[in-house]
Amino acid sequence: MSRAQDVPFARPAEAARPSRGAALGRRLLSTVVLLPLFVWMVLAGPAWLFGSVMVLAGALGQWEFTGMFERAGITSFRWLGLLGGSLVTASFALPLSEQATLTAVVLTLLVTGLFRREAGRAVWEPMAVTLLGIGYVNWLLGYAFWLYDLPDGVKWVLLLVSVTWVGETAAYAIGSTVGRHKLAPVVSPRKTVEGALAQLIASVLGALVARAWFFSSLSIESAIVVGLLLGVVGQIGDLVESAIKRSLNTKDTGGLIPGHGGMLDRVDSLLVNTPVLFYYATYARTLGT
């Protein structure tokens, strides 16, 4: 994958980047619009709508993921990844075995890789990139179905999204205005320690507000633990995506959501927060409740 190092970074686009204030305004506006729509979908929408949105989000994220590599000159099986990834995400909700579906997709990619040849030898890079995208995007996102199906699953999903998005917004607002100390300059030069602390504090406060608002059965101790978990793990997910993008010399995975970039830019923290919250809610919640 070293070919990505030879692709020049788009300096003109960077120079034309809007001010931080304008970017923050668009990000806040997107959150104000999208968060109520998501809340309505989870609370009042039919289960099939929630499932369709999750599969669509996974498909868009998968397409953006392989697209980043393609723009860097690294090929993948984009359409196979789109189809296989969508099946993997949907398998968490359908009467299909998730493990069997993933195994079938992996085997299909392995066989397909046998027929991609250059200079008389099999080329495995497209298969590896496609499989990475399916595991990173579609498999992790599939946990949203399992979280939704838990007792109080609607509340867990609302807790997940509200805490994650509130934390991310706080990190961006504080980091872009008063942030001075770099958090991970090699991976993401614009992220700051101040922003990271703001995200952690906002995540805990968000979890406590969510408990008081709609999740009274969750103990205060558990709300604090959830806030800390999502506040820390969500930042790891954000840094993982930043590391991938930086290795490919790209800023955003797409332009679907104003102020955020692509679908993958919007759900990068949710991809890791969702399975973490599912396992906490299922196995590790021992405080209160």
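**Exercise 1.** State which helix holds L114 and classify its accessibility.

*Solution.* L114 is placed in helix α5, residues 98-114; helices are DSSP runs of H or I with at least four residues, numbered from the N terminus. Its relative accessibility is 46%, so L114 counts as partly exposed (buried is under 20% relative accessible area, exposed over 50%, partly exposed in between, with a 1.4 Å probe and protein chains only). The model is predicted, with local features requiring pLDDT of at least 70 and side-chain atom pairs pLDDT 80 or more, while totals for chains, interfaces and linings use all residues. Residues are numbered from 1 along each chain as its sequence is written, and side-chain values use heavy atoms, without hydrogens and water.

**Exercise 2.** Describe the salt bridge of E168 and locate its partners.

*Solution.* A salt bridge needs a side-chain nitrogen of Lys or Arg within 4 Å of a carboxyl oxygen of Asp or Glu. E168 pairs with R266, and their closest N and O atoms are 2.3 Å apart. The pair links distant parts of the chain, since E168 belongs to helix α7 (residues 153-177) and R266 to helix α10, 98 residues apart. E168 counts as buried because its relative accessibility is 9%. R266 is buried too, with a relative accessible area of 4%.

Conventions:
Helices (H or I, at least four residues) and strands (E, at least two) are DSSP runs, numbered from the N terminus.
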